[in-house]
Amino acid sequence: MRWFAVVILAILPSLASSQTVISRAMVDGRTVTLLDDGTWRFADRDDTGCDLIVQRVEFCGLADGWRNIPPQTAEITAAYRFDDRHYGQMIVEELGTVDGLTLHFMRDIVIENAAAAAAVRPSDVVVIDVFESRVSEIPVETIVYHVAINGLPVVFANAIYTSKNRTMQLITFSIGSQFTDMHRSLHDDFLAAIEIEA
């Protein structure tokens with residue numbers, strides 16, 4: 001549902017808490033993260049080796065082979081590349097269960113968005129697996145699905161995190177039509193590198 005993403009983007013700035021990431025820029029060859037309270041910090045966080053994604057969420061997988069890449073759309077909060085076949089991304093929305101974004105609702109949205117990207121019906125999206133994962137010791141559900149986007153086969157492993165005031169999609173994807181052992185291992189590593197501060 002593209003309307004859902006448009007609605008979220010329209011109301012997100014008014015709902016976000018202080019120190020929400022609003023942009024990234026280059027200063028003296030280093031990436032800086034600009035925060036909505038007028039402050040900034042180096043994105044590579046030399047002191048911790050972690051990227052600040054949004055307030056209380058960091059990605060600490062840069063030493064494990066993940067590299068920052070520019071997000072492909074405005075809806076994507078952060079994007080990473082492991083190699084030519086494997087990628088990761090995060091979509092963070094400052095809306096949560098109090099706003100009706102339940103796990104069931106998000107599961108439907110994930111499939112509907114995949115169908116829209118592939119120009120097929122939601123029933124044509126092939127769900128390969130659903131399993132429990134963990135992020136910062138928090139249980140999340142990962143849904144694995146396959147679609148062909150402009151003829152290119154892609155497998156997504158989308159971990160859905162929902163809390164009272166925040167929803168995150170923690171996604172890895174690979175080029176191909178199978179959920180390989182390597183993809184599953186990279187997905188587990190990607191989630192393990194995400195730190196959520198309660």
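Predicted model: local features only at pLDDT ≥ 70, side-chain atom pairs only at ≥ 80, totals over all residues.
I'm taking a salt bridge to be a side-chain nitrogen of Lys or Arg within 4 Å of a carboxyl oxygen of Asp or Glu.

**Entry 1, salt bridges**

I started with glutamate 137, which makes a salt bridge to arginine 134, with 3.7 Å between the closest N and O atoms. Glutamate 137 is exposed, at 64% relative accessible area. Shared partners join Glu132, Arg134 and Glu137 into one network. I then looked up the glutamate 132 to arginine 134 bridge, and its closest N and O atoms are 3.7 Å apart. Glutamate 132 is exposed at 58%, while arginine 134 is partly exposed at 42%.

Next I went to aspartate 84, which bridges to arginine 81 with the closest N and O atoms 2.0 Å apart. Buried or exposed, I wondered, for aspartate 84? Aspartate 84 is exposed, with 61% relative accessibility. Arginine 81 has a relative accessible area of 17%, and the cut-off for buried is under 20%, so I put arginine 81 down as buried. For the whole structure I noted seven salt bridges.

How many aromatic pairs does the structure hold? I noted nine. One of them is phenylalanine 59 with phenylalanine 190, a tilted pair at 5.0 Å centre to centre and 45° between the planes. Phenylalanine 59 belongs to strand 5 (residues 57-59) and phenylalanine 190 to helix 3 (residues 181-192), so this pair ties together parts 131 residues apart in sequence.

I have both phenylalanine 156 and phenylalanine 173 down as buried.

Back to phenylalanine 59: which residues do ring pairs link into a cluster? I listed Phe59, Trp66, Tyr80, Phe82 and Phe190.

Last, I looked at arginine 184. Its charged end sits over the ring of phenylalanine 131, and I wrote down 3.9 Å from the ring centre.

Notes. Residues numbered from 1 in each chain as written. Heavy atoms only, no water. Phe/Tyr/Trp six-rings, centres within 6.5 Å; stacked < 30°, edge-to-face > 60°. Helix = DSSP H or I, 4+ residues; strand = E, 2+ residues; numbered from the N terminus. Buried < 20%, exposed > 50% of the residue type's maximum accessible area, 1.4 Å probe, protein only. Lys NZ or Arg CZ within 6 Å of the ring centre and 35° of its normal.
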